Amino acid sequence: DTEVTQTPKHLVMGMTNKKSLKCEQHMGHRAMYWYKQKAKKPPELMFVYSYEKLSINESVPSRFSPECPNSSLLNLHLHALQPEDSALYLCASSGTGKEGANVLTFGAGSRLTVL
Amino acid sequence: GQNIDQPTEMTATEGAIVQINCTYQTSGFNGLFWYQQHAGEAPTFLSYNVLDGLEEKGRFSSFLSRSKGYSYLLLKELQMKDSASYLCAVRDDKGYQKVTFGTGTKLQVIP
């Protein structure tokens, strides 16, 4: 299995809603990532988990709350979002060896619209 | 910090060769990736360079000069399906999972 699966593909939510994005991989990767991508812009790193522990938080507002329940799953909990948070949210995973490329494999993304 | 620059847009003709440049100024360096992203889809991996020189993979080649903070992606025998955005990304040498993407180059292949 060489895929990263993200659900839902599309999500529309109001500013007072609470929702979650989910990501799953079965490649045995121990690093998992959340990126945010606005239209016609490159992906921006939000969070990195390494061995189920948060290793990087790129000063993301607390209305985004990541969670890594186990080595295969990564969630992004959303609460009190703003319309400017509307974007494509990409999950990725990679190996963690000190040698090698540790290529990021991306999921298809969850397109979020905040009304 | 990380500063990774690419041309915004390029146009090339089907069957031709195109070179997409990437310059970077980063606080640390532990490898450079090139990804392809079609509109509305996820980025897909093309190439990886960590040492100076040229890496060739079929119609795609990637070059790296660490001393110059410079890389390019060379696409040969262009096909219409190569119309996409091409993203250069640099991995930090400290938090080695930190991979930062450049501004991206939108390539249009015309007949």
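**View 1. The partners of strand 4 of chain B.** Strand 4 pairs in the antiparallel sense with strand 5 (residues 44-49) over 5 bridges, and with strand 9 (residues 84-91), also antiparallel, over 6 bridges; strands are DSSP runs of E of at least two residues, numbered from the N terminus, and two of them pair if DSSP finds at least two bridges between them. B:Gln36 has B:Thr44 of strand 5 as its bridge partner, while B:Leu32 stands opposite B:Val90 of strand 9. Strands 4 and 5 form a hairpin with 6 residues between them, and B:Gly40 in the turn has a positive phi of about 80 degrees.

**View 2. The open sheet of chain B.** Its 5 strands follow the order 1-3-8-7-6 with antiparallel pairing. Strand 1 (2-5) and strand 6 (53-57) stand at the edges with a single partner strand each, so one side of each is left without a neighbour in the sheet. Strand 6 pairs with strand 7 (residues 60-65) over 5 bridges, and B:Leu54 stands opposite B:Phe63 of strand 7.

Residues are numbered from 1 along each chain as its sequence is written, and chains are lettered from A and ligands numbered from 1 in the order in which they are written. In this predicted model local features need pLDDT of at least 70, side-chain atom pairs count only at pLDDT 80 or more, and totals for chains, interfaces and linings use all residues, while side-chain values use heavy atoms, leaving out hydrogens and water.

Key. Helix = DSSP H or I, 4+ residues; strand = E, 2+ residues; numbered from the N terminus.
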